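Please keep the sequence and the coordinates at hand while reading.

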Amino acid sequence: MVSTPRLVIAAPASNSGKTTVATGLMAAFAARGLAVSPHKVGPDYIDPGYHSLATGRPGRNLDAYMCGPELVAPLFAHGAAGCDLAVVEGVMGLYDGASGQGELASTAQVAKLLKAPVVLVVDASSQSRSVAALVHGFASWDPEVRIGGVILNKVASDRHEALLRDALDESGLPVLGVIRRAPQVATPSRHLGLVPVAERQGDAVDAVRAMGERVRAGCDLDALMALARSAPALADEVWEPAYAPAESSESPRPVVAVAGGAAFTFAYAEHAELLTAAGAEVVVFDPLRDEKLPVGTAGLVIGGGFPEMYAPELSANEPLRRAVTELALSGAPVAAECAGLLYLARELDGKPMCGVLDATARMSERLTLGYRQAVAVSDSPLAAAGTRMRGHEFHRTVLEPGAGPVPAWGMHQPERRVEGYVQRGVHASYLHTHWAASPEVARRFVEHCRAR
């Protein structure tokens, strides 16, 4: 049984202040000495970085599309083990989910799967009495979703607050916090959302501190904690990455180098856990700074991020580019997602990259965004041909050509197409996947590393 107190922080729509409030609550409760487990609904990689900064724990994602509804509670329980409180930041509006698939992957669905009370963050900047109708509509839409209270964000004045509170008195839902307009807690954004923590570490620390102070001053933390403790126990099993390799535990652990640093910030915590459980020694390196791959590298994982922001610096690190190319050409297992795909290309925005793939990449005005259904077109160290996975695309770049002679994936949603590259030991694609849904991916990858 999992009895961790928990809250889901949701909103009627995007840009209502969910990240500010959720991160601020995490920081405020952590400042009280509580062990806070941070979670984010959906495939977002950036918000969990701020959550991690606020709590000192890995930010984890709960994605009912990529992992399936049945894994949401077990993954939550894995991340929240031993914690005093879990705070789950929602995605988009409370009831918004995967396009055309009802409640799937919505914040509401995750709240129901976790049996967690919802705190609705309302941007009150352009309304007064209408706030009651808005809150009533969200609270009554799905009787299985339990909205336990409201936090009013961007409140202009004492008079504005009084009008809002009077209106909400008739709703039956308590006001658990009032947060005034505060530019200093804003965080900068660009083409794919907030700027990641790794790119603005000092400023991010200040921003998270400001969020915590603002939430602590404006919210009733005791009432919020009482609401979190009202969540019933979950009977779901706890997800575990444990796996016993066929080889003796005394055999050497192959080194899997994982790209990190400011240019490659997109990673799910469970991936490293699965690689480790499968018998690998996971070593993080920074392609912006390190001129060599970790000693003994047998396999390479290059996840997502923002290489387009660092193309000159990545290109200038010729020793590492050569090392990556030599490793890939040797047939070593290489798994590259999105940013990793661009890094393996011949060039990015005119800057030379690793040249492993005969393709060029450039920035685009068009945003490619959405969930995907995919099937592996051919065998690779990452997936056997025919392996079906769900994933997510999120980029403003274009790769030409988009698929190699042997593509990585055949896509089935939203349109049929092939995408990515499989050559030698390389599996490179725009598709982000969550390996917790298919742990055999990590096992297969490590087994190929061990066989070298």
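Which residue in E6 is the bridge partner of Leu120? The partner is Val150. The model examined here is a predicted one.

**Strand pairing**

Strand E5 pairs with strands E1 and E6, as listed below.

| Strand pair | Residue ranges | Sense | Bridges | Example of bridge partners |
|---|---|---|---|---|
| E1 and E5 | 6-10 and 118-123 | parallel | three | Val8 and Val118 |
| E5 and E6 | 118-123 and 147-155 | parallel | six | Leu120 and Val150 |

Between E5 and E6 the chain passes through helix H5, residues 130-141, and this β-α-β crossover is right-handed. Five of the six residues of E5 are buried, so the strand is largely enclosed by the rest of the structure. Buried here means under 20% relative accessible area.

**Nonpolar cores**

The largest nonpolar core comprises 111 residues, and Leu114 and Leu152 have the most contacts inside it. Leaving aside residues up to four places away in sequence, Leu114 touches Arg6, Leu62, Val72, Ala73, Phe76, Val88 and Leu234. Apart from this core there is a second, separate one of 39 residues, with Ala262, Phe264, Ala328 and Ala339 among them.

**Cavities**

How many cavities of 30 Å³ or more does the model contain? The count is two.

Definitions and conventions. Residues are numbered from 1 along each chain as its sequence is written. This is a predicted model: local features need pLDDT of at least 70, side-chain atom pairs count only at pLDDT 80 or more; totals for chains, interfaces and linings use all residues. Side-chain values use heavy atoms; hydrogens and water are left out. A nonpolar core is a set of buried Ala, Val, Leu, Ile, Met, Phe, Trp, Tyr and Cys residues joined through side-chain atoms within 4.5 Å. Buried means under 20% relative accessible area, exposed over 50%, partly exposed in between (1.4 Å probe, protein chains only). Contact means heavy atoms within 4.5 Å. Helices (H or I, at least four residues) and strands (E, at least two) are DSSP runs, numbered from the N terminus. Two strands pair if DSSP finds at least two bridges between them. A crossover is right-handed if, with the strands pointing away from the viewer, the path from the first strand over the helix to the second runs clockwise. On a 1 Å grid over the protein atoms alone, a cavity is a set of points where a 1.4 Å probe fits but cannot get out, and a pocket is an open set with protein on both sides within 12 Å along at least five of seven lines; lining residues have an atom within 4 Å of a point. Grid points are joined across faces, edges and corners, and a volume is the space filled by probe spheres set on the points.
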